[in-house]
Each structure stands twice: as C-alpha cells, then as structure tokens.
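Biologist: Can you take me through this one? I'd like to begin with how the chains touch, then move on to the folds.

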Amino acid sequence: MLELKNIYKTFNEGTVNESKLFSDFNLKVEKNDFVSIVGNNGSGKTSLINIICGSLDIDKGQIIVKGEDITKKKDFLRYQNIGRVYQDPSMGTCTEMTVLENMALADNKGKSYNLGRGTRKNRISYYKESLSKLNLGLENKLNIKVGELSGGQRQGMALLMATMTPIEFLILDEHTAALDPKTADIVMELTCKVVREKNITTIMVTHNIKYALEYGNRIIMLNQGRIALDRTNEEKEDLTVDKVFSIY
Amino acid sequence: MDILIGILEQGLIYSIMALGIYITYKVLNFPDLTVDGSFPLGAAITASLMTNTDSALISSITLGHNPYIICIYALISGGIAGLITGIIHVKFKVRDLISGIITMTGLYSINLRIAGSANVPIFNMDTIFSNNFVYNLFPKALLKYNVLIIGFAITFGIKLILDIYLRTKSGYLLRAVGTNSVLVTTLAKDSGNVKILGIVIANSLVALGGSIMMQQQGFFEITMGTGAMVLGLASVIIGTNLFKKINFVKATTAVIFGSMIYKASMSVAMDISFTKASDMRLVTSILFLIILIAGQVKNKKVKIFVRVKEYLQDI
C-alpha cells in the first residue's frame with residue numbers, strides 16, 4: 001500500500017548545524033493498517049509524516065503508494081488520497097467561516113471549486129446528521145464561526161472534514177495533544193469509530209503510549225530516525241506501557 | 001449640500017478600490033502595496049484609450065471610445081498587475097510587502113508610458129458619467145446628480161457581485177486560504193494559485209476604481225496613486241471596526257460606509273483654516289494613525305465593560 005524505500009534526509013546539510021535524521025530508512029504499511037508511531041522529540045515522527053505528505057523533501061529514496069512512485073508529486077496533489085488532522089485544532093478548519101461553510105468546503109474536495117453555490121441546500125441535512133454523530137452539539141451551531149468553538153469541537157470537525165470524501169490514508173499528527181484528557185479521550189474514540197467505519201489506512205503519531213497500545217493493530221517506535229520497535233497484531237497485544245517505556 | 005454630495009461621490013468611487021483592498025487585506029491577509037500602482041494604472045489606461053482618437057485600432061477595440069468598454073480594459077489591466085505581484089510572491093517566494101513594492105515601482109514608469117505624460121486632461125470626452133446615453137436616460141432635474149447615481153449603481157453592483165462570489169465554491173476557497181492555507185492544501189488545491197486569484201481580483205477592482213475616479217475628476221495625473229493604499233486601508237478598517245457588532249451589515253457594505261466616513265473626516269480636517277492643499281498627505285497619514293489607535297482603544301473599552309458586567313453578575 002505505502003512503501004518508503006531507502007529514505008535519506010539530512011537537515012542543514014553542509015553547515016555546523018548539520019543533523020542526519022534518516023539514512024536508509026524503510027517502512028511498509030499494509031492496506032487497512034492502523035499504525036501508531038511513538039518516540040521522543042526529535043526521533044523523526046513528524047518528519048516522517050511530512051515526508052509522506054510531501055511537505056518535506058527527501059535527499060534520496062522513494063515513496064511508493066499502490067505501486068506508483070509519488071516521490072516527485074507535489075504536496076497538494078498527494079492530498080487527493082490523504083486526509084490529515086493536525087495537533088493544532090485551528091489547522092484543520094477555517095476559523096473565519098461557519099460550521100456549515102466548513103463542511104461544504106470539505107465536501108467538495110476532489111471536485112472543482114468553481115462558481116457554483118458554496119453550500120448546496122440538499123446537502124445540509126447530511127452535514128447535520130454527520131455532525132450529530134460526533135455528539136458534540138455541533139448540529140445546532142451550523143451558522144456559528146468555527147473560531148468560536150472549543151478545541152475539542154474543532155478537532156471533531158477537523159476529523160469529520162478530513163474523512164468526509166473518499167481517501168486512502170488518514171494521517172493523525174498528534175491530534176489529541178492539544179486537548180484536555182477528557183476531550184482527548186472523546187476525540188480518540190471518534191477517530192477509532194470513523195476509521196473502522198470507512199476502512200481507512202491510518203498512521204497516527206502520538207506521545208500518548210496508552211492510546212498507541214489501545215488503538216490500532218501496529219505500533220512503531222522511532223529513535224533518532226531508526227525503527228526501535230515494530231509490533232503488529234498479536235505481538236502488539238503483549239506490550240504494556242511499562243515495557244514500551246523500558247525501550248524508550 | 002454641494003460639499004456633502006462631493007463627499008458621497010468621492011466616497012462611493014473610492015470604495016470600489018477599498019473593496020479590492022478588503023479582499024487582499026481582510027480576506028487574504030495579504031498587505032498588498034501594488035495598489036499604489038494599479039490605481040493610477042487603471043486611470044492611465046483610461047486616459048490613453050480615451051484621448052488617442054486618431055488610432056483606428058483603439059477605436060475598434062473600444063467600440064468607438066465607449067467609456068464603459070474602456071472601464072473593462074482598466075479592470076483587466078489591474079488584474080495583470082495583480083497577477084505579476086502574485087507570481088512574484090507565490091512562485092518566486094518573495095515576501096508579500098516586497099512583491100507589491102516591486103510591481104508598484106515598475107508601474108510608475110509603465111503608467112507614464114501608457115498615459116504619455118504625467119498629466120492628461122480628458123475634458124469634452126465621453127465618460128461613464130456624461131455621454132449621450134446618460135443625457136437621454138436621465139430627466140433634467142436629476143442630471144446634476146449623475147455622478148452620485150451612476151457611482152452608487154456601479155459601487156453597489158460590484159458589492160453585490162462580490163457578495164455572491166464569496167459564497168461560491170471558489171469564494172469559499174479564497175476565504176479559507178487567508179486564514180488557513182494549510183487547509184486549502186489538504187483539500188488538494190494549490191494554495192498559491194488561490195492566493196494569486198485573490199490578488200488578481202483585488203487589483204482589478206482597484207484599477208477600475210482608478211479609471212472611474214479619473215473620469216470623475218476629468219484628468220489623469222501620475223501622483224493619484226500615492227496614498228491610495230492608505231486611503232483604502234483606512235476605509236476598510238473604519239468600516240469593519242464600526243460595523244463589527246452589527247450582524248446584518250455585510251463586511252462589503254461596511255467598507256463602502258467606511259470609505260464615505262473617511263472622505264467626510266478628510267474634508268473636515270482639510271477645512272480647518274491653517275491646513276493648505278499640500279498638507280493633504282500629512283492629514284491622511286495622521287488621520288489613519290488616529291483611526292488605528294481609536295480601534296484599539298475601543299476594543300479595550302469593550303473588554304473592560306465585559307469584565308465589569310461579569311463582576312456585577314457575580315455579586
């Protein structure tokens with residue numbers, strides 16, 4: 001499904017601040033995998049995600065999705081098949097637009113953004129229905145600017161917007177890190193529900209080892225650009241938070 | 001009465017430009033200095049197309065120097081100026097302010113070339129305000145208010161089109177790119193191109209404003225762009241700050257009112273006995289500063305008011 005082959009990446013090459021992150025890094029993600037990636041700051045989690053999404057160029061190597069080499073593909077074109085939720089709740093939504101307008105904006109992904117009406121009336125009931133499934137009371141706030149919502153509500157919307165149109169990958173970039181523990185639990189539960197419902201291959205970067213163990217079928221720990229731990233399915237079941245910490 | 005009409009006329013015409021600045025400054029979050037060049041560009045194109053009566057080519061492309069057709073050429077010229085700034089900023093990654101300054105500086109010479117000289121009068125030419133069509137259409141009593149009526153029609157026409165556009169899919173994307181360009185990228189759209197589109201639309205309106213302003217005052221002068229940016233920005237800030245709390249007033253309408261209020265306060269300031277005509281730019285900048293500061297003070301006052309209210313509710 002997704003394959004990273006012999007990836008090399010060095011930051012600030014040729015300067016005193018030169019730091020080599022990935023050298024000959026390889027990773028293969030199968031269809032319908034839910035991979036959690038954990039690791040210290042600077043271990044390369046976010047860089048890895050940025051390399052997949054195209055916002056970070058690599059020095060050498062190949063990125064292959066379903067047999068197609070996308071190494072040279074521009075970031076916005078890669079997002080045709082990728083949905084992404086960021087750590088910052090305001091990154092996944094437009095705060096100056098209303099809930100309804102945001103939903104309509106996301107609903108049109110993959111189609112042309114032309115001079116047609118922005119919010120189609122016949123879709124409003126569908127938006128309401130999907131918002132009510134979040135259980136965050138958003139279905140009654142359709143005409144409120146997203147900037148006035150709470151972080152949890154916004155992140156719930158961001159998740160909904162990222163998965164509204166058919167995508168092959170969902171990238172979760174520490175998407176619960178900015179939320180309080182209770183809201184984080186709710187958003188994580190929602191994530192799990194959406195992923196299961198739509199059968200999306202998911203890569204989740206998180207600092208929360210509990211989540212990494214509890215959700216998904218595969219866990220990968222990165223350490224200075226190398227895979228320090230990689231467990232799938234049954235092998236993953238045996239892991240506990242303490243065991244993971246001992247490798248950290 | 002005449003003064004008031006003058007203020008309204010000028011406020012309406014300048015608000016076409018202010019609507020353009022509203023797009024770059026408020027919607028796109030892009031401080032666009034191209035304006036100081038694209039405003040006189042529209043005027044220069046208009047002067048040139050109107051006064052070159054010998055050229056058969058110009059006569060044919062403007063359907064015999066039709067002022068309304070000429071306005072469309074002015075609109076397009078501004079779009080091209082915006083396109084250049086947009087490409088410099090997005091494709092060559094030059095900072096926003098610098099990109100605008102580069103285009104603006106270059107346009108100064110281009111405007112002189114297009115107009116032929118630093119000052120071009122168009123007296124006795126057909127303009128959008130005075131031509132046979134208008135003379136036939138308007139009853140005699142209303143002919144005195146031709147600028148006011150036509151200016152009103154054009155400005156509110158543009159406002160309506162802009163309101164409708166901002167509710168289309170393309171308009172949604174434009175609004176999204178200003179607050180969150182990352183979102184546009186994740187929607188699989190090139191956020192750079194969306195930004196360029198916005199700058200093109202904005203400068204088209206600015207150049208159209210320049211063309212109409214020039215037709216109203218009856219001459220082109222190279223300096224008419226100096227301070228255009230500040231003037232437009234002041235209108236946008238006055239309008240959006242004053243009407244922020246009133247929900248049914250659309251931002252675009254607020255900008256038009258802002259432009260009139262600004263023109264009115266300018267004319268009051270210029271009426272004070274010790275100011276001379278040459279002090280105009282100084283008055284402009286001081287007034288702009290006062291508006292900026294007043295906006296902040298007002299916000300603070302609102303905050304204090306809210307806090308007092310909360311406190312009173314607590315006890």
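Modeller: A definition before anything else: two residues are in contact if their C-beta atoms, placed from the backbone, lie within 7 Å. Also, this is a predicted model.

Biologist: Fine. How many residues does the contact take from chain A and from chain B?

Modeller: It takes 27 residues from chain A and 19 residues from chain B.

Biologist: Which elements give two or more residues to the side of chain A that touches chain B?

Modeller: Those are α2 (75-78) and α3 (99-107) of chain A. The largest share comes from α3(A), with four residues.

Biologist: And by class, what is on that side of chain A?

Modeller: Eleven nonpolar, ten polar and six charged residues.

Biologist: What are the scores for the model?

Modeller: The ipTM is 0.92 and the pTM is 0.91. For chain B, the pLDDT averages 91, and 94% of the residues score at least 70.

Biologist: Stay with chain B. How many helices and strands?

Modeller: Chain B has 13 helices and two strands. The C-alpha atoms of chain B fill a box of roughly 80 × 50 × 35 Å along the principal axes.

Biologist: What percentage of chain B is buried?

Modeller: Buried residues are 42% of the 315 in chain B. Among the chain B contacts with a separation of 6 or more, 78% are between residues 24 or more positions apart.

Biologist: Switching to the largest nonpolar core. Which residues touch the most other members?

Modeller: The core has 147 residues, and the ones that touch the most other members are Ile37(A), Ile171(A), Met17(B), Ile21(B), Tyr22(B) and Ala176(B). Helix α10 (residues 191-217) of chain B gives the most to this core, 13 residues.

Biologist: What does Ile21(B) touch, leaving out residues up to four places away in sequence?

Modeller: Val35(B), Ala202(B), Gly232(B), Leu233(B) and Val236(B).

Biologist: What does β7(A) pair with?

Modeller: Strand β6 (residues 82-85) of chain A is joined to β7(A) by four bridges, running parallel, and Ile82(A) stands opposite Phe169(A). Strand β8 (residues 201-205) of chain A also pairs with β7(A) in the parallel sense, over five bridges. There, Leu172(A) has Met204(A) as its bridge partner.

Biologist: Does Met204(A) turn up elsewhere, or what about Val35(A): which residues does it touch?

Modeller: Met204(A) is one of the residues that Val35(A) touches, and the others are Val29(A), Thr202(A), Ile203(A), Gly216(A), Arg218(A) and Ile220(A), not counting residues up to four places away in sequence. Val35(A) is in strand β3 (residues 34-39) of chain A.

Biologist: Why does Val35(A) count as buried?

Modeller: Because Val35(A) has 21 C-beta neighbours inside 10 Å, and the cut-off is 20 or more.

Biologist: Last topic, the open sheet of four strands. What is the order?

Modeller: The order is β2-β1-β4-β5 in chain A, with antiparallel pairing. The edge strands are β2 (19-29) and β5 (68-69). Seven bridges join β1 (residues 2-11) to β2(A), and Glu3(A) stands opposite Lys28(A).

Conventions:
Residues are numbered from 1 along each chain as its sequence is written. Chains are lettered from A and ligands numbered from 1 in the order in which they are written. This is a predicted model: local features need pLDDT of at least 70, side-chain atom pairs count only at pLDDT 80 or more; totals for chains, interfaces and linings use all residues. A nonpolar core is a set of buried Ala, Val, Leu, Ile, Met, Phe, Trp, Tyr and Cys residues joined through C-beta atoms within 7 Å. A residue is buried if 20 or more other C-beta atoms lie within 10 Å of its own, exposed if 12 or fewer, and partly exposed in between; C-beta atoms are placed from the backbone. Two strands pair if DSSP finds at least two bridges between them. pLDDT is the predictor's confidence in each residue, from 0 to 100. Ala, Val, Leu, Ile, Met, Phe, Trp, Tyr, Cys and Pro count as nonpolar, Asp, Glu, Lys and Arg as charged, and the others, Gly among them, as polar.
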